[in-house]
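Subject: Two-chain model for your review

Hello,

Please find the structure handed over below, followed by notes on what was found in it. Could you read the notes with the coordinates open beside them?

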Amino acid sequence: MKRTIAAICLALLLSTAANAQNSCYKCHLQNEGSGPGPAHDWPTSIHFRNGIACADCHGGNPRSDDPLVAMNRARGFLGKPSPTQVPNFCGKCHEAIRDNYLESAHAKALFAGVRPAPNCVTCHTAHRQQKVTLDLINPQTCGQCHSYDRAARLKEAMGGMEKDLTSLSKEERRIFLNGIDTEEEQKALFDVRNRVHRLTHVLDINKILPELAAVRPDLNRVQHEVDLKQKELEDRRHQGNILMGLFFVGAIAAYATHKKLMEPHTREK
Amino acid sequence: MPIIRPVLNWIDERLRIHAIIRATLTEYMVPANLTLWHTLGFVLVTCFVIQVVTGMLLLVYYVPDTGRAFDTVKFITNKVPYGWLIRDLHAMTSHVFVLAIFLHMASTLWMRAYRTPRELQWITGMILLGLVLAAGLSGYLLPWSQLSYWATTVATNAAGSIPRIGHTLVLWIRGTPNVSQYTLGRFFAMHVSIIPFSILAVIGMHLLFLRLTGIAVPGGEDKATVRKVPFFPHMVTKELASVFGTLILVNLLIFYFPQVNFPEDALIPANPLETPAHIKPHWYFLANYQFLKIVPNEFLGIILQVIVGVVLFFLPFLDRGKKSSRLYDGVFYTVVTLAILGYIGLMVWGYYS
């Protein structure tokens, strides 16, 4: 817990340092006054904590204090995207998720001109994004536009896989922290997690279930590798316990011999 | 085998091994009332031997190159049969080595065993303490992990606060303005040759002075009248018990508390562009680290620590008050107690800060 808080503090510190040179943040914060607004929201975002700056998404020149230079469209400033531009805006980095989203009913509604139709920021917000878990699928978020029952079925379908992924990640991390290399397992888990998480944007349970079934063998393979390493860790501990037992016997034997040898001298006293 | 005895006799006539064994073991008499504290010297020699042997084995695969160091360490711990044990033994014994030398110095300080005629033993002991800490610091960098890189950056930065020469000093220590291949090369050379050979030489001197002056008799008993026993087997068995106890401690660290030496940042390769969240030195530098943090001026913090070091180094020449004086003893033990408690307090504070 302490480590997490420390990590967040440092990330905030680093990001604050980065944003100190960020004219976008400074000006918008000033313009917003006591808020609310994007600049006020921004420090709570996971993007901010990971050192991503306004210009990374919106373009422009964050080094200039002159609004005409900082927000010069001729020099790549994109400004605020329209609802239909948002998927590509976020998809610059979250490419695979964008592709999945574009296949979904949400995207079809958005591009068919249905209003309101959800894009990325409807669920994830524009400037307060957090690390996502399945809990984002909830009656409040989904209920903004429609009833929750279909979303609940989707959440249930993915819940088991998510639980297994989380528990396997914890096991892998514990082994890693004990000094055993888990680089391959980390990569495999990253891949599986991505394949699963991007399914949350497909929204079609008939597509999701076969995909989850296709991912399962890969997850099982990682589980098998993690189990082997876990066993190795346990074997090491057993060997260590045997060694410690031998040393303990050695210590007792040596001390008993010493006491025995010292007996005549103690009696002399 | 009838041929063995003549061969042994032939060797013994030339090397006088039996005489040496008698003089150093069976006929070497030590006070009978030596305590477990007196076994710490033997524990330290054992730690040094473990470090040398495991260090040599690690050298078989380790490559002191910034591009390969981390991978070679990873290879040792994951691919070489029992490589993990060798590496963990080396790493964890270094902690026990430092702990044992701290306790050895503290017990000597408490028993005031550094006083005439044992000044040189104390001074060689202080030099050994410095060398062991230097071995720890230089060894820290070698795995080229995030922790190695950034802890070395922070530690070597401290020298930069010295006015006028600070920058040059940092450059001299690192070889380049930042911690780099040159720093790794320097630290590697120090860690595997300069420091261990120096430790070996100073241990030799320390033991020689010990033989020349004899062990300080505990409890202030008269050296001439105190009961004595042969070092072997009477005392050696007690020393062995301590050594086994030490090995249990090392094993406990390896198998149950690996994070003492390997927090998460020690398991990630060095990245000079990414500063980890919370870089702290090993526990044995935490008091110094915290002291530098609470003193408003870093240079002043360094100077104060140097003064403490110098006072400790020359303590045998400063503590010349009569042992029988109650007032003097009272002041002495109060100061020592406060100093030890203060040191531990700073260490704990540094850990939680």
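**Rings and charges**

At a relative accessibility of 1%, B:Tyr284 counts as buried, where buried stands for under 20% relative accessible area, exposed for over 50% and partly exposed for what lies in between, computed with a 1.4 Å probe on the protein chains only. Please bear in mind that this is a predicted model, in which local features need pLDDT of at least 70 and side-chain atom pairs count only at pLDDT 80 or more, while totals for chains, interfaces and linings use all residues. Residues are numbered from 1 along each chain as its sequence is written, chains are lettered from A and ligands numbered from 1 in the order in which they are written, and side-chain values use heavy atoms, with hydrogens and water left out.

Over all chains there are 19 aromatic pairs, a pair being two rings of Phe, Tyr or Trp (for Trp the six-membered ring) whose centres lie within 6.5 Å, called stacked when the planes are under 30 degrees apart, edge-to-face when over 60 and tilted otherwise. One of them joins B:Phe102 and B:Tyr343 edge-to-face, at 5.9 Å centre to centre and with 85° between the planes. Because B:Phe102 belongs to helix α5 of chain B and B:Tyr343 to helix α14 (residues 326-352) of chain B, this pair ties together parts that are 241 residues apart in sequence; helices here are DSSP runs of H or I with at least four residues, numbered from the N terminus. B:Phe102 is buried at 18% relative accessible area, whereas B:Tyr343, at 29%, is partly exposed.

B:Trp283 and B:Tyr284 also form an edge-to-face pair, with 5.3 Å between the centres and 85° between the planes, and B:Trp283 is partly exposed at 23% relative accessibility.

B:Arg112 lies over the face of B:Phe332, 4.2 Å from the ring centre, and A:Lys92 lies over that of A:Phe89 at 4.9 Å.

**Pocket and cavities**

The whole structure holds two cavities of 30 Å³ or more. On a 1 Å grid over the protein atoms alone, a cavity is a set of points where a 1.4 Å probe fits but cannot get out, a pocket is an open set with protein on both sides within 12 Å along at least five of seven lines, and lining residues have an atom within 4 Å of a point. Points are joined across faces, edges and corners, and a volume is the space filled by probe spheres set on them.

The largest cavity, of about 80 Å³, has a lining that includes A:Asn178, A:Arg236 and A:Arg237 from chain A and B:Trp84, B:Asp88 and B:Phe255 from chain B. Helix α14 of chain A gives the most to this lining, with three residues.

Of its 46 lining residues, B:His38, B:His104, B:Gln121, B:Leu210 and B:Ile215 lie nearest the centre, and α5(B) contributes the most, with seven residues. This lining divides into 26 nonpolar, 12 polar and eight charged residues, with Ala, Val, Leu, Ile, Met, Phe, Trp, Tyr, Cys and Pro taken as nonpolar, Asp, Glu, Lys and Arg as charged, and the others, Gly among them, as polar.

**Helix faces and loops**

In helix α8 (residues 166-174) of chain B, the buried residues are B:Gly166, B:Val170 and B:Arg174. They fall within an arc of 60° seen down the axis, so they line one face of α8(B), the arc being that of the directions from the helix axis to the C-beta atoms. The face turned away from the buried side of α8(B) carries the exposed residues B:Thr168 and B:Trp172.

In chain A, A:His201 is placed in the loop between α13 (183-197) and α14 (205-268) and is buried at 18% relative accessibility. Its C-alpha is 5.7 Å from that of A:Asn100, although the two residues are 101 apart in sequence. A:Arg63, in the loop between α5 (54-58) and α6 (67-70) of chain A, is exposed at 75% relative accessible area. The C-alpha atoms of A:Arg63 and A:Ala253, 190 residues apart along the chain, are separated by 73 Å.

With kind regards

Notes: Helix = DSSP H or I, 4+ residues; strand = E, 2+ residues; numbered from the N terminus. Lys NZ or Arg CZ within 6 Å of the ring centre and 35° of its normal.
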